[in-house]
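Visitor: I am new to this structure and would like a close look at a single part of it. Please show it first.

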Amino acid sequence: MRIHINRGLYLRLLVPFVLTQAGCQNVLGFSTATKFGLDISQRPDQTIDVSMGYDRTEVASIPAPKNEDATQSGDGTGTDTYSVLGTFVVFYGNPFLDQPLVLNQFFATGMAARKAAKSPELQRFFGEATGKIAAENKTSTKPGGQ
Amino acid sequence: MMQSRGSIIFGCLGLLLVPFLTACVWRADDAEHYIGPVIFRYSAPPNGNAYVGQVVRLGVSAEAGTSWGIALGASERITVAPLVIPATNKDQTSSRGRWMMPLSFSPTPTVGKWNFSLLYLRVARDPGSFFLSRAIQGAEIVFGEEANALSVGIAHRTLFTPPDNAISRLRFDDNRPLESRATVWLDVPEHDGLPDSLLKEIAK
């Protein structure tokens, strides 16, 4: 008895399987993607993204523990929640006019984020950054985002 | 007769061109080995503000190791590794001899300028590389720790993975990648003031 495998079906099953099985890491990551054409890809948050034509994405993936794993400290806050403090600025130009992609990122992670949150200098820095973002959101006509 | 001779000539020319349009890379944990023609440039301290590497491959290119894939067209890969504060001896010595062309007449490529490697290029992995940019114009299928994607057309992806328990700063412009600035501050003091270098970076 011979079994005939439909190659087209095999490929359609194989590609999503490979994409879902490879590189599944629970890490903190920030990614951008600009695509023109056909694209099937896995984002850092491990979801599958299928696009045809022009598409642009920015993803921030921050690992979080399961609820049952969280422990409570004396003040009622979770002690094993991952701390992240940062600004993530992306400027996109038109890729066909040789306009650049510019990234400006500042991040504190883990225990460094907790320490940084207590620093007056960094409090002022993040406060000013938040103010700029809020002001630009009100009158935002520029390409790109923050 | 003439037609068959012409096709033979074109076939031979095609076979001669194949090695110049085919590149492979093996990405190991400690180094990357490029076999075949690649164009590349890099910068490292003290000339640069980060460890930056940019490699461009044309034609058919395959990769294996930590990432597996095949690409057709023009593919570009940029990595950025930060300056680590406080610096360790390993970081200070690691910038020398990380880019090598052992099979070339001048094994050490020029810093900050475009270089061409025809046969073999060895690149030691940057210490703590935390930013990756991959671009393809053509078609590509890749899966592994760098990306999982099937693309036809133009695709440009970046991935920034800041280290744990540290403060990280990255400035990247894909028109001027060698001018990238990347710094990581470890051991942030809890009660004392922040490091001067961090305060200067915040003030910019």
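Visitor: How many residues of domain 1 of chain A are in contact with residues of domain 2 of chain A?

Guide: This is a predicted model, in which local features need pLDDT of at least 70, side-chain atom pairs count only at pLDDT 80 or more, and totals for chains, interfaces and linings use all residues. Residues are numbered from 1 along each chain as its sequence is written, and chains are lettered from A and ligands numbered from 1 in the order in which they are written.

Nine residues of domain 1 of chain A are in contact with eight residues of domain 2 of chain A; two residues are in contact if their C-beta atoms, placed from the backbone, lie within 7 Å. Domain 1 covers 1-63 and domain 2 covers 65-146, with bounds that come from an automatic or database domain assignment. On the side of domain 1 that touches domain 2, strand E1 (29-42) and strand E2 (48-61) of chain A each supply at least two residues. By class, that side has five nonpolar, two polar and two charged residues. Here Ala, Val, Leu, Ile, Met, Phe, Trp, Tyr, Cys and Pro count as nonpolar, Asp, Glu, Lys and Arg as charged, and the others, Gly among them, as polar.

Chain A as a whole has three helices and four strands, in the order α-β-β-β-β-α-α from the N terminus. Helices (H or I, at least four residues) and strands (E, at least two) are DSSP runs, numbered from the N terminus. Of the 146 residues of chain A, 15% count as buried, that is, with 20 or more other C-beta atoms within 10 Å of their own C-beta, placed from the backbone. Helix H3 (residues 120-138) of chain A is hardly covered, with one buried residue among its 19.

Strand E1 of chain A also takes part in the contact with chain B. There, 40 residues of chain A are in contact with 37 residues of chain B. E1(A) gives the most to the chain A side, with 14 residues, and other elements that give two or more include helix H1 (7-21) and helix H2 (110-117) of chain A. By class, this side has 23 nonpolar, 13 polar and four charged residues.

Strand E4 of chain A is joined to E12 of chain B by seven bridges, and the two run antiparallel; strands pair if DSSP finds at least two bridges between them. Within this pairing, A:Asn104 stands opposite B:Arg171 in E12(B).

Note on methods:
Buried ≥ 20, exposed ≤ 12 C-beta atoms within 10 Å, placed from the backbone.
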